[in-house]
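Biologist: I would like a close look at one part of this structure. Please give the cut-off for each term as you go.

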Amino acid sequence: MVRRHIISLLMENEAGALSRVAGLFSARAYNIESLTVAPTEDATLSRMTIVTVGSEEVIEQITKQLNKLVDVIKVMDLTEGSHIERELMLVKVKAVGAGREEMKRTADIFRGRIIDVTDATYTIELTGTGSKLDAFLEAIDPVFIIETVRTGASGIGRGERSLKA
Amino acid sequence: MEVTGAEIVVRCLAEEGVEFVFGYPGGAVLNIYDAIFKQDKFKHVLVRHEQAAVHAADAYARATGRVGVALVTSGPGVTNAVTGIATAYMDSIPIVVISGQVPTPAIGLDAFQEVDAVGITRPCVKHNFLVKDVKDLAATFKKAFHIAASGRPGPVLIDVPKDVTAHLTEFVYPATVEMRSYNPVVKGHSGQLKRAVQMLLEAKRPMIYAGGGVVLGDAATQLTELTRLLGFPCTNTLMGLGGYPATDRQNLGMLGMHGTYEANMAMQHCDVLIAVGARFDDRVIGNPAHFAREQRRIIHIDVDPSSISKRVKVDVPIVGDVKNVLDDLIALLKQSKEKNDAAALNAWWTQIELWRSKDCLKYNRNGNIIKPQYVVEKLWEVTKGDAYVTSDVGQHQMWAAQYYKFDKPRRWINSGGLGTMGVGLPYAMGVQLAFPDAQVACITGESSIQMCIQELSTCKQYRIPVKVITLNNRYMGMVRQWQEFFYGSRYAESYMESLPDFVKLAEAYGHVGMRIDKPEDVEAALKEAFSPALKERLVFMDFQTDQTENVFPMVEGGKGLSEMILAEEL
């Protein structure tokens, strides 16, 4: 069954680390929906979150191939257990006339925050799962959208479940 | 005392016990070459093209089990080396390739002979490094050799900018390597080992399928012991030839696209399959859906977890070093009081002998045209089955694999995974340098040999007396065969026009050339080439062979393993 998976990994924070992972996905024709990367509290480590789609067999290969990369320390499929997923989105929208108030209401409903205001625009910051962000974009009229930017998903295991070097 | 980066490179190689460095100088590596000039710990072998440097280092590794080393300059030096690196990568061969790079301040500025070596090689190395600080150089070499040789082996590239080779620092070679991100599994899981033993003992129609991992993991002795202990049939992949003695009755020969009838039928119809250091690739089991039609349970031993359940789902995966796992399996089997169902095993062998009686490798021995198979058979006889045989890629490679019976591991040196034409001659060089007194034969074709023929010059310089056995059918034989079968005999661009006179060519390079046209001259010519009189000479033998001969049996691409075309059916 083809499913969406969130794979987290820790790797040595060295030059070219990202390209090893990105190159692996393109060379083996795996899907990447999103990929985020940043150093951790330990500056020698990078943590990456990859959202991908595939059958059980493909996901098994993806985790094995990631583990095989010499710089990769640990790999975890977050979607195998309970986990929290968050993504940040910034949306710049037209906010004029009657639409201005309507836009604020919609943002409030989604617990978005307006972080920049001009006479004619709002920039709304929104956090949540990918599907919540999708829902927000569906809730507003696309003609009002000037620009959107999303970080891609980050995730973490619930409770005791953790990914440590 | 502080020394230069170049000096450190040379000392690292000496610390690793390197015997030969195959290379080609250029601007970015001049400091390293200067340091090589001043040392006497290892010998540098000057090739005529960087591709051959990597192939020779690769063959040295295949034949000896030690890490091979190549040294190339930046830019075109690296790009020329890529084919060699990818060849080694596909067959999991431990080599370290050192490439020069433009000075660090020039990186990224499109400097003369600049190429992103780490980027260009990334998909075809086990790992690679760009060393930006001379202080990291020694530790990087230590890691590179460790990574190349351990776990599933593979090529590692170290890219060294020119200024780093000039900078000074103390030389300290680390005694050990600690890497939190890289710790290959060595021992098999005990629970899985027990399940495997149970499954093996319950087998009624068992099959042992052994790949290149047995050769690379130095586990031929263990595989042989296990096979004899169980009394099971064994087949070797192209990469695994020599992992179990080919002349032994329990060996069914090679399997796969050009495997024997008995090996492929036994693979398809067995009830328990144990795969040892093999990876179920497309040339081995054909169509995986067809393979899965028959019910069988599969045990898979491999050092690389990603090789397991990649193309074929297995029941008992065992990750670990093949040698250790086989040792453990043998110990458990010896302790076990259970035995296999002897009657069932006998019935299975009766079936196998029936398949074997088809004699699928027979060919027409009459006529006055040299059959390529005959040349390989005679080579086996003349060299008493004890030569190192390298090959190029194509029909001659398959005939070499089918008709030269390898009884020992590391004797058969070929490009199995990438299928790189041109490897044969540089492979033979690497092997002959490692074993100066051994008989080394390069079985090649008139098309493949021309892809690295410039190395005849290297062979002259270093007096490398390999014997080149060219099966010259004036075609890219395997391409021609596919065109005959699948493209209505439209031989598009597969005919080799305007061939050189290979005898004169060999002589021009300072070697001995022979042209053999008749079957009755084959044996005498081979005997002469391998005679003491020519022991010190490279002999280039141009055998004019049957142009229309095809490789059989054959499983067409996408077909099932038991859907073979046999010679007799045409």
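Biologist: In which order do the six strands of the open sheet in chain B lie, and is the pairing parallel or antiparallel?

Modeller: The model is predicted, with local features needing pLDDT of at least 70 and side-chain atom pairs pLDDT 80 or more, while totals for chains, interfaces and linings use all residues. Residues are numbered from 1 along each chain as its sequence is written, and chains are lettered from A and ligands numbered from 1 in the order in which they are written.

The order in chain B is β3-β2-β4-β5-β7-β6, and the pairing is parallel. Strands here are DSSP runs of E, at least two residues, and helices are runs of H or I, at least four, numbered from the N terminus; two strands pair if DSSP finds at least two bridges between them. At the edges of the sheet are β3 (43-46) and β6 (127-130) of chain B, each of which pairs on one side only. From one strand to the next, the twist averages 20°; angles run from 0 to 180 degrees between N-to-C directions, with axes fitted to C-alpha atoms, for helices over the stretch in contact.

Within the sheet, β4 (residues 68-72) and β5 (residues 95-101) of chain B run parallel and are joined by five bridges. Leu71(B), for example, has Ile98(B) in β5(B) as its bridge partner.

Two helices of chain B belong in the picture. Helix α4 (residues 76-90) of chain B lies across β4, β5 and β7 (155-161) of chain B, at about 165° to β5(B). Helix α6 (residues 137-149) of chain B also packs on the sheet, where it touches β5, β6 and β7 of chain B. The direction of α6(B) makes about 160° with that of β7(B). Contact means C-beta atoms, placed from the backbone, within 7 Å.

As for the chain that holds this sheet, chain B has 22 helices and 22 strands. Its C-alpha trace spans about 75 × 60 × 45 Å along the principal axes. Among contacts in chain B between residues at least 6 apart in sequence, 78% join residues at least 24 apart.

Chain B also touches chain A, in a contact with 17 residues from chain A and 14 residues from chain B. On the chain A side, α2(A) gives the largest share, five residues.
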